[in-house]
Amino acid sequence: MSTAAQTRDEALVPTGGAPLVRARPRRSWTASQIVLTLIATAVSAVFLAPLLWALFTSLKSETEAVEVPTHWLPDEWTTQAWRAIFETGNITNWFVNSLVVSVCVTFVVLSVSALAGYGFARTEFRGKNALLGLVMTGLMVSPAVLGVPLFTTVQQMGMVDTYWGMILPQCAPAAMVYILYKFFQGIPRELEEAAFIDGAGRWRVFFTIVLPLSRPSLAAVGIFTFIASWNNFLWPYMVTNNPDLMTMPNGIATVMNSYGIQWAQLMAGGLMAGLPLIVVFVFFQRQIVAGVAHTGLAGQ
C-alpha cells in the first residue's frame with residue numbers, strides 16, 4: 001500500500017480505533033432542479049389555497065365570514081359553523097347515503113366493465129363490432145341529455161326516492177368498458193392459452209389470471225367511478241325528494257337554500273363532503289397513477 005493511501009486511511013480512524021464513515025460531499029442544486037421545485041411549489045400552493053381558505057372560513061363566525069375586506073385568518077376562532085351544520089342538517093344520513101350509493105355504483109361498474117371489456121377483447125361473436133360501436137356511442141352522449149328519459153323510466157318502475165333509483169342509472173359505464181377493453185387487449189394471449197392447455201375454462205382464466213393482472217386498471221376505474229358518483233349532484237337531486245335519502249351534495253345545497261347562504265357553514269359542509277375524496281386520493285394515488293399508465297389514458 002502506498003504511503004498516501006496509508007495516510008488517508010489513518011486519517012479516517014480516530015484515536016479510539018473506531019472507523020469513521022467518509023462523508024459524501026453535498027451536491028449543489030442545479031438550475032433545472034431549482035426551477036422545477038419552484039414550479040411544483042407554486043402549483044401546490046394554487047391547489048391548496050382553496051382548501052385552506054375553506055378551512056379558515058369555516059372557523060370564523062358568520063359575521064366575520066362576510067366582512068369586507070376579507071382576510072385569511074379568523075380574528076376569533078370558533079367551531080360555530082361546524083356545530084350548526086350538524087344541528088340544522090341530517091348530515092350523518094347524507095354521508096351514509098353517499099357512501100352506500102358510491103360503493104354500490106363502483107361495485108356494479110367494476111363488475112360490468114370487467115366482464116364486458118374482457119368479452120369484447122377475447123371473444124368473437126356475430127355483431128361484435130356493431131355492439132362495440134353502440135357502446136362507444138355512449139361516450140358522445142352527455143348525461144344531462146338523458147336526465148328526462150331516465151327519470152321517466154325510473155318513475156314508471158316505481159324507483160323514485162329509493163336507493164336503486166339513484167344507483168342503477170349511474171351504472172352505464174361506456175368509458176370504463178372501453179378502458180378495460182383496451183387493457184385486456186394488451187395482456188399476452190400466451191398466458192391464457194397455457195391455462196387452456198392445462199384444462200382451465202374461460203371463467204377460471206378470467207378470475208385467476210386476467211383479473212390479478214388487471215389490478216392497477218381496476219383500481220383506477222374504481223377510484224374514478226367512486227369520485228364521480230360521490231360528486232354527482234344532478235341525478236340524485238332529480239330522483240330524490242326524501243331528505244333522509246339525500247346525498248351529501250344535495251343535502252348541503254338544501255340546507256343552504258333553506259337558511260340562506262351561510263358562508264361559514266357552506267365551507268364546513270364542503271370540507272365534510274370532500275374529505276372522503278381527499279382520503280381516497282392520498283391513500284390510492286399510486287394506484288391512480290399506475291392505472292392511468294396501464295389503461296391507455298396516457299396515450300398508450
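**Before selecting**

This is a predicted model, in which local features need pLDDT of at least 70 and side-chain atom pairs count only at pLDDT 80 or more, while totals for chains, interfaces and linings use all residues. Residues are numbered from 1 along each chain as its sequence is written, and side-chain values use heavy atoms, with hydrogens and water left out.

**Stop 1: the whole chain**

Display the chain as a cartoon: 15 helices and zero strands are present. Helices (H or I, at least four residues) and strands (E, at least two) are DSSP runs, numbered from the N terminus. Of the 300 residues, 34% count as buried; buried means under 20% relative accessible area, exposed over 50%, and partly exposed in between, with a 1.4 Å probe and protein chains only. Among contacts (heavy atoms within 4.5 Å) between residues at least 6 apart in sequence, 71% link residues at least 24 apart.

**Stop 2: helix 5 and helix 12**

Select residues 91-122 for helix 5 and 215-231 for helix 12; their axes come within 8 Å and cross at roughly 140°. Axes are lines fitted to C-alpha atoms, for helices over the stretch in contact, and angles run from 0 to 180 degrees between N-to-C directions. Helix 5 and helix 12 are therefore oblique to each other. Angles under 35 degrees count as roughly parallel, over 145 as roughly antiparallel, 65 to 115 as roughly perpendicular, and the rest as oblique.

The crossing of helix 5 and helix 12 is right-handed. A crossing is left-handed if the near helix is turned anticlockwise from the far one by less than a right angle, and right-handed if clockwise.

Show side chains next. On helix 5, the contact residues include Phe 95, Leu 99, Val 103 and Leu 110, and on helix 12 they include Leu 218, Val 221, Phe 226 and Trp 230. The residues of this contact comprise twelve nonpolar, six polar and no charged. Ala, Val, Leu, Ile, Met, Phe, Trp, Tyr, Cys and Pro count as nonpolar, Asp, Glu, Lys and Arg as charged, and the others, Gly among them, as polar.

**Stop 3: helix 9 from both sides**

Met 176, Ile 179, Leu 180 and Phe 183 of helix 9 meet Ser 217, Leu 218, Val 221, Phe 224 and Thr 225 of helix 12. This contact has seven nonpolar, two polar and no charged residues.

Now select helix 6 (residues 128-137) with helix 9 (residues 174-185), whose axes come within 8 Å and cross at roughly 130°. Helix 6 and helix 9 are therefore oblique to each other, and their crossing is left-handed. Leu 132, Val 135 and Met 136 of helix 6 touch Ala 174, Val 177, Tyr 178 and Tyr 181 of helix 9. By class, the contact of helix 6 with helix 9 has seven nonpolar, no polar and no charged residues.

**Stop 4**

Is Lys 60 buried or exposed? Lys 60 is buried, with a relative accessible area of 3%, and lies in the loop between helix 2 (31-58) and helix 3 (62-65). Beyond its neighbours within four places in sequence, Lys 60 contacts Ala 65, His 71, Trp 72, Leu 73, Pro 74, Thr 78 and Ala 264.

Asn 97 is placed in helix 5 and counts as buried at 3% relative accessibility. Leaving aside residues within four places in sequence, Asn 97 is in contact with Tyr 163, Asp 244, Leu 245, Met 246 and Thr 247.

Met 159 belongs to the loop between helix 7 (147-156) and helix 8 (163-167) and is buried, with a relative accessible area of 14%. Not counting residues up to four places away, Met 159 touches Val 154, Trp 164, Gly 165, Leu 168 and Val 239.

**Stop 5: the cysteines**

How many disulfides does the structure hold? The structure holds zero, a disulfide being a pair of cysteine sulfur atoms within 2.5 Å. Cys 104 is in no disulfide, and the nearest cysteine sulfur, that of Cys 171, is 8.5 Å away, too far for a bond. Cys 104 counts as partly exposed at 32% relative accessibility, whereas Cys 171 is buried at 14%.
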